[in-house]
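Welcome! Please take a moment with the sequence and the 3D view below before reading on.

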Amino acid sequence: MEPLTEEQRQVLEDVYRRIDVRVSSITGSHAWWPCRRGCDHCCRHLAAPLTLTRWEWTYLWEGFQALPPEAQAEVRAHAAALEGTQRPYTCPFLDRQSGGCRVYAHRPMACRTYGFYVSQGSGNWCHFIRGLLDQHGEGDIVWGNQDSLEDTLERLSGATLSLFEWFAAHPPGPASGGAPPTAGC
C-alpha cells in the first residue's frame, strides 16, 4: 500500500484536529457528556461496519501495523468473524478487556465524530446521549456537520469501503502491503 503523502497526511490530520476542537468544546463545557475515556458503548454497539476512505484506511493501517503480531491476528480474527453477521457489531479494534481502542491515535473520522456531529438533521449518537439531552437540553452545543465532513473526505480521498473490504484487500503476510481495491477508489 502506498503511504500517505506529506500533503495528504497534513490535510487528514487537520480534519481530525478540527474534529478534536469541536469534541473538546462540547465535553469541556458539559461535565455530564458521556463520550470520554472509559466509555466504549459505541465501540461495542456499532449499527453498521465502519466505512473508511483510502486516506483513512492508510492512516488506520499505520496504527494497525504498529500493533504486536498477536494483537494484529486478534483484530483480523474479530473482523473476519463479524463479516456477514447482523448488527450490532463490536469494533474489532476494541480491546475487550480494557475497553480501549488499540489504534486510538489512528482511529477514523466516524469514531472521532460519533456523539458530537449530526447528519441531515439527525444526531449520530447513542441512547445515553439522547437521554442526557432530554434531561439537560442542547443549550449552547454547537454540533458538527457529519455530512460535510464525509463529503470532504470522499472528495479528497475517494469513495468509502467497509472495514471488511479493506482487510480483504490487505491479507496477512507479505501481501498485506498490496494495493487497495480499485472498485470505488
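Predicted model: local features only at pLDDT ≥ 70, side-chain atom pairs only at ≥ 80, totals over all residues.

Residues are numbered from 1 along each chain as its sequence is written, and side-chain values use heavy atoms, with hydrogens and water left out.

**Aromatic rings**

- The structure holds 13 aromatic pairs; rings of Phe, Tyr and Trp (its six-membered ring) pair if their centres lie within 6.5 Å, and planes under 30 degrees apart count as stacked, over 60 as edge-to-face and the rest as tilted.
- One of them joins Trp32 and Trp33, whose ring centres are 5.2 Å apart with planes at 45 degrees, so this pair is tilted.
- Trp33 is buried at a relative accessible area of 2%, whereas Trp32, at 23%, is partly exposed; buried means under 20% relative accessible area, exposed over 50%, and partly exposed in between, with a 1.4 Å probe and protein chains only.
- Trp57 and Trp166 form a stacked pair, because their planes meet at 5 degrees, with the ring centres 5.7 Å apart.
- That pair links distant parts of the chain, 109 residues apart: Trp57 belongs to helix α3 (residues 54-65) and Trp166 to helix α8 (residues 163-169). Helices (H or I, at least four residues) and strands (E, at least two) are DSSP runs, numbered from the N terminus.
- Both partners are buried, Trp57 at 1% relative accessibility and Trp166 at 0%.
- Ring pairs also tie Trp57 and Trp166 into a cluster with Trp61, Phe64, Phe93 and Phe167.

**Charges over rings**

- The charged end of Arg107 sits over the ring of Tyr104, 3.8 Å from the ring centre; this label needs NZ of Lys or CZ of Arg within 6 Å of the ring centre and within 35 degrees of the ring normal.
- Arg112 is placed over the face of Tyr16, also with 3.8 Å to the ring centre.

**Helix α4**

- Which residues of α4 are buried? They are Ala71, Gln72, Val75, Arg76, Ala79 and Leu82.
- Seen down the axis, these buried residues fall within an arc of 135 degrees, so they line one face of α4; the arc is that of the directions from the helix axis to the C-beta atoms.
- An α-helix has 3.6 residues a turn, so residues three or four places apart point the same way.
- The buried residues of α4 pack against α3 and α8, with contact meaning heavy atoms within 4.5 Å.
- On the other side of α4, Pro69, Glu70, Ala80 and Ala81 are exposed.
- Just after α4 comes Gly84, which takes a positive phi of about 85 degrees.

**Cysteines**

- How many disulfides does the structure hold? There are 0 disulfides, a disulfide being a pair of cysteine sulfur atoms within 2.5 Å.
- The sulfur of Cys42 has its closest cysteine sulfur in Cys43, at 4.2 Å, which is too far for a bond.
- Cys42 lies in helix α2 (residues 41-44) and is partly exposed, at 27% relative accessibility.
- Cys42 and His106 are 64 residues apart in sequence, and their C-alpha atoms are 17 Å apart in space.
- For Cys91, the closest cysteine sulfur is that of Cys111, 5.7 Å away and too far for a bond.
- Cys91 is buried, with a relative accessible area of 8%.

- Gln146 is in helix α7 (residues 146-157), and it is buried at a relative accessible area of 4%.
- Not counting residues up to four places away in sequence, Gln146 touches Met109, Thr113, Tyr117, Val118, Ser119 and Asn124.
- Pro3 is found in the segment before α1 (6-29) and is exposed, at 56% relative accessibility.
- Pro3 touches Gln8 and Thr58, again leaving out residues up to four places away in sequence.
- Pro3 and His45 are 42 residues apart along the chain, with 31 Å between their C-alpha atoms.
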